[in-house]
Amino acid sequence: MIEVEAASKVYGTATREIWAVRDISLSVGGGEFVSIVGPSGCGKSTLLNMIAGFEAPTAGQIRVAGARVAGQIPNGLGYIFQKDTVLPWYTVRQNIALGLRYRGRPAGEIDEKVGALATLAGLEGFEELYPHELSGGMRRRLALGPLFSDSWWA
Amino acid sequence: MVGVATGFAVGLLLSQNRRLARILNPYVIALNSVPRIALVPLITMIFGLGVGSKVVTAWFMVFFLVFFNTFKGGLSIERELVDFCRTLGGTPRQITRTVRVPNALAWAFTALPNAVSFALIGVVISEFVGSTTGMGYLMITSLATLNSTDMFASVVVLSAVGVALVTLIRRAERRLLRWAPEFR
């Protein structure tokens, strides 16, 4: 459950204030699929960045699974960026394992999950390649891999 | 080695701490603006005629080259990449190790061939100014005795050392940056 209550975001410059998001409220329930649509510069990314905890709202509040988001990334939240968010110095296997390594999971569990996720992402047999050796589509699927490293088994 | 290690560490630290970087910026600019050669007599006076003054001079030559490249590299890291790693549960220390260090390493390596040349220049000049051993000392004494054979030999040996060091750096680069497209 995601709840946004009267959230605003203002960026200040030396000469003026820019309201990226002004007084927006919305609620997204479990299993619900929501698209946020609007012209370039209307604040879609800012809203998503606030929900993800990358930026704190200037006013209002945001809750994810009941917990208030205030510049802290909520647990269990997955976020796909416009750019390829893969680490170029890590292989496909190391990229998929990244979140599991961060969370200190045992090596056996990491191997098992990485193998399954590579298959799921259609990257089986490419585990030892570096991102620049993959096609654009494969890199996008690789970026998804780490996000499912926990939730897929939940 | 000391110049590279400290240049990399300080460059990485300041690239992550903008406030500290702003505070130290005037001092870094001032130190970097000092002609390196002008400091050699002072360094020799402080650290003596032994190895110490050569190491400090070489450090001074190398440090800023590596520092500025690493600093730029640290600033160039894409914010999305750091945010992505944060969503995966990465702590600041883990993100430094897995994202910032490898990215800055690629930038630092581009400074290393020049750093080798500068380090050799520093050591030779330091030996010109005050030393009883070394290639610089041999060249100065060769000049005094008009011994062109020893002088040419010193130049050839210094060139060979430079080529050997750059070759070692290239090998280390190929190994550490094997993920980069140019090394595949």
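What pattern does chain A follow when read along the sequence? In this predicted model, chain A follows the pattern β-β-α-β-β-α-α-α-α. The legends below go through the two chains view by view.

**Figure 1. Chain A as a whole, with five helices and four strands.** Along the principal axes, the C-alpha atoms of chain A fill a box of roughly 50 × 30 × 25 Å. Chain A has 154 residues, and buried residues make up 26% of them. Of the contacts in chain A with a separation of 6 or more, 52% are between residues 24 or more positions apart.

**Figure 2. Strand β1 of chain A, seen at A:Ala6 and A:Gly12.** Strand β1 of chain A covers residues 2-12, and A:Gly12 is in this strand. A:Gly12 has 9 C-beta neighbours inside 10 Å and therefore counts as exposed. A:Gly12 and A:Arg101 are 89 residues apart in sequence, and their C-alpha atoms are 38 Å apart in space. A:Ala6 also lies in strand β1 of chain A. A:Ala6 is not a glycine, yet its phi is positive, at about 50 degrees. Is A:Ala6 buried or exposed? A:Ala6 is exposed, because 12 other C-beta atoms lie within 10 Å and a residue with 12 or fewer counts as exposed.

**Figure 3. A:Phe126 in a loop of chain A.** The loop that holds A:Phe126 runs between α3 (107-120) and α4 (136-144) of chain A. A:Phe126 has 17 C-beta neighbours inside 10 Å, so A:Phe126 counts as partly exposed. Leaving out residues up to four places away in sequence, A:Phe126 touches A:Val92, A:Leu134 and A:Met138. A:Gly29 is 97 residues from A:Phe126 in sequence and 37 Å from A:Phe126 in space, C-alpha to C-alpha.

**Figure 4. The contact between chain A and chain B.** On this interface, 20 residues of chain A are in contact with 17 residues of chain B. Which helix gives the largest share of the side of chain A that touches chain B? That share, three residues, comes from helix α2 (residues 92-102) of chain A. By residue type, the side of chain A that touches chain B has 13 nonpolar, four polar and three charged residues.

**Figure 5. Chain B as a whole, with eight helices and zero strands.** From the N terminus on, the elements of chain B run α-α-α-α-α-α-α-α. The C-alpha trace of chain B spans about 70 × 40 × 20 Å along its principal axes. Chain B has 184 residues, of which 35% count as buried. Among contacts in chain B between residues at least 6 apart in sequence, those joining residues at least 24 apart make up 72%.

**Figure 6. Helices α3 and α6 of chain B packed together.** Helix α3 (residues 36-47) and helix α6 (residues 92-129) of chain B pack at an angle of about 50 degrees, and their axes are 9 Å apart. The two helices, α3(B) and α6(B), are therefore oblique to each other. The crossing of α3(B) past α6(B) is right-handed. On α3(B) the contact is made by B:Arg36, B:Ile37, B:Val40, B:Pro41 and B:Thr44, and on α6(B) by B:Gly122, B:Ile125, B:Ser126 and B:Val129. Five residues of this contact of α3(B) with α6(B) are nonpolar, three are polar and one is charged.

**Figure 7. The nonpolar cores.** In soluble globular proteins, nonpolar side chains tend to be buried together. The largest nonpolar core here has 32 residues. The residues with the most contacts inside this core are B:Val62, B:Leu65, B:Val66, B:Ala108, B:Ala115 and B:Ala119. In chain B, α1 (2-16), α3, α4 (51-76), α6 and α7 each supply at least two residues of this core. Which helix gives the most to this core? The answer is α6(B), with 13 residues. Not counting residues up to four places away in sequence, B:Ala108 touches B:Phe8, B:Val66, B:Asn69, B:Thr70 and B:Gly73. A second, separate core has 21 residues, including A:Leu98, A:Val114, A:Ala118 and B:Val99.

**Figure 8. B:Leu146 in a loop of chain B.** B:Leu146 is in the loop between α7 (135-144) and α8 (148-176) of chain B. B:Leu146 is not a glycine but has a positive phi of about 55 degrees. With 7 C-beta neighbours inside 10 Å, B:Leu146 counts as exposed.

Note on methods
Residues numbered from 1 in each chain as written. Chains lettered and ligands numbered in written order. Predicted model: local features only at pLDDT ≥ 70, side-chain atom pairs only at ≥ 80, totals over all residues. Axes fitted to C-alpha atoms, helices over the stretch in contact; angles between N-to-C directions. Parallel < 35°, antiparallel > 145°, perpendicular 65-115°, else oblique. Left-handed = near helix turned anticlockwise from the far one by under 90°. Contact = placed C-beta atoms within 7 Å. Nonpolar A, V, L, I, M, F, W, Y, C, P; charged D, E, K, R; others polar. Buried ≥ 20, exposed ≤ 12 C-beta atoms within 10 Å, placed from the backbone. Core = buried A, V, L, I, M, F, W, Y, C linked by C-beta atoms within 7 Å.
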